[in-house]
Amino acid sequence: MTADALSRPRSFAGGGGIRLAADTWGEASSPPLLLLHGGGQTRHAWGQTGPRLAELGWRVIAPDLRGHGASQWSADGDYDLDLFADDVRALVAELGDRPVLVGASLGGLSSLLAAGEAPRAAIRALVLVDVAHRPDPRGVRRIVEFMRHRPDGFASVEEAVAAVSTYLPHRTRPYDPERLRNNLRRHGDRWVWHWDPRMLAGFEGRTDPPGMAERLLGAARHADVPILLIRGGLSDVVREDIAVEFCDKVPDARYVDVGDAGHMVVGDRNEPFIDELIPFLEGID
């Protein structure tokens with residue numbers, strides 16, 4: 001039985017009523033913790049993280065972001081960052097009880113705006129997974145190039161596995177085709193990534209637009225909650241100097257590195273990621 005098989009499905013209403021599919025773990029009476037994946041991923045990115053955190057006493061909720069996985073696509077193809085932030089606000093409001101937010105990349109940016117800009121989501125703490133106020137544009141370009149690389153999809157899941165292995169050569173363990181299948185969907189006789197391709201236009205325009213770094217720093221300061229930045233030690237998106245600058249400018253923030261992990265920290269090194277996360281969670285009031 002896989003870790004994902006231990007989850008329970010649930011549906012939420014995001015901003016504007018868009019339907020968001022989610023997996024949940026843990027007891028209904030436990031404090032809530034939201035896991036928000038990165039752009040181009042699905043809720044299954046947390047398939048090993050969710051059960052582990054539930055064992056530690058959390059009620060864990062991992063939704064597919066709009067336009068990803070089993071969640072609805074934006075009808076008009078609009079994937080502005082503020083829409084993702086509104087979805088996070090809606091999730092937090094529906095859950096109540098001031099959840100902890102753990103957001104990777106796009107999920108982290110959305111969480112940061114939701115927590116720090118009006119109307120502020122009522123949360124207990126925020127964990128940013130390899131995302132800060134500004135990225136290294138070279139790393140972002142590499143991500144977008146990979147997402148654009150095979151618009152016609154793949155002939156098989158194994159072909160997709162080979163493409164990911166080439167993109168992430170630092171991962172030494174073999175890929176599980178069944179797990180990667182969760183990030184794919186059938187389109188005719190091809191396998192394509194399980195996200196709306198119209199999102200790419202937004203990603204490309206969001207690399208580091210004027211004023212965004214200041215906006216994100218302002219949101220981080222106004223969130224008024226403990227913030228932990230978990231950076232991949234090999235990340236080409238959040239350099240060490242960027243993490244240091246973020247923590248220098250945000251009084252409630254600190255950062256840790258997960259060695260031998262790139263931008264996709266959880267997929268690269270899930271257990272060391274959890275090892276860094278646990279002390280922070282234990283210290284939350």
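**Pockets, aromatic pairs and backbone geometry of the predicted model**

The second largest pocket holds about 250 Å³ of space. Among the 14 residues that line this pocket, Arg150, Pro151, Val192, Trp195 and Pro197 are the closest to its centre. The structure is a predicted model, in which local features need pLDDT of at least 70 and side-chain atom pairs count only at pLDDT 80 or more, while totals for chains, interfaces and linings use all residues. Residues are numbered from 1 along each chain as its sequence is written, and side-chain values use heavy atoms, with hydrogens and water left out.

A pocket is an open set of points on a 1 Å grid over the protein atoms alone, with protein on both sides within 12 Å along at least five of seven lines; a cavity is a set of points where a 1.4 Å probe fits but cannot get out, and lining residues have an atom within 4 Å of a point. Grid points are joined across faces, edges and corners, and a volume is the space filled by probe spheres set on the points. Helices (H or I, at least four residues) and strands (E, at least two) are DSSP runs numbered from the N terminus. At least two residues of the lining of the second largest pocket come from each of α4, β7 (184-187) and β8, and β8 gives the most, with three residues. The lining comprises seven nonpolar, two polar and five charged residues (nonpolar: Ala, Val, Leu, Ile, Met, Phe, Trp, Tyr, Cys and Pro; charged: Asp, Glu, Lys and Arg; polar: the others, Gly among them).

One cavity of 30 Å³ or more is counted, and the largest cavity contains about 30 Å³ of space. Its lining consists of Phe146, His149, Arg150, Phe154, Ala163 and Trp193, of which four are nonpolar, one polar and one charged.

Five aromatic pairs are found. Rings of Phe, Tyr and Trp (its six-membered ring) pair if their centres lie within 6.5 Å; planes under 30 degrees apart count as stacked, over 60 as edge-to-face and the rest as tilted. Trp46 and Phe273 form a tilted pair, 6.4 Å centre to centre with 45° between the planes. This pair links distant parts of the chain, with Trp46 in the loop between β3 (32-36) and α1 (49-55) and Phe273 in helix α11, 227 residues apart. Both Trp46 and Phe273 are buried (under 20% relative accessible area; exposed is over 50% and partly exposed in between, with a 1.4 Å probe and protein chains only). A further tilted pair joins Phe146 and Trp193, at 6.0 Å centre to centre and 50° between the planes. Phe146 lies in helix α4 (residues 137-149) and Trp193 in strand β8 (residues 190-193), so this pair ties together parts that are 47 residues apart in sequence. Trp193 is buried, with a relative accessible area of 11%. Phe146, Phe154, Tyr167 and Trp193 form one aromatic cluster.

Helix α11 (residues 270-282) has 13 residues and should span 18 Å at 1.5 Å a residue, which agrees with the 18 Å between its end C-alpha atoms; the expected span is 1.5 Å times one less than the number of residues. Buried residues in α11 are Asn270, Phe273, Ile274, Leu277, Ile278, Phe280 and Leu281.

A cis peptide bond, with omega of about -5°, joins Ala118 and Pro119; Pro119 is in the loop between α3 (106-116) and β6 (125-129). Asp97, although not a glycine, has a positive phi of about 60°. Asp97 lies in the loop between α2 (81-95) and β5 (100-104) and is exposed, with a relative accessible area of 56%.
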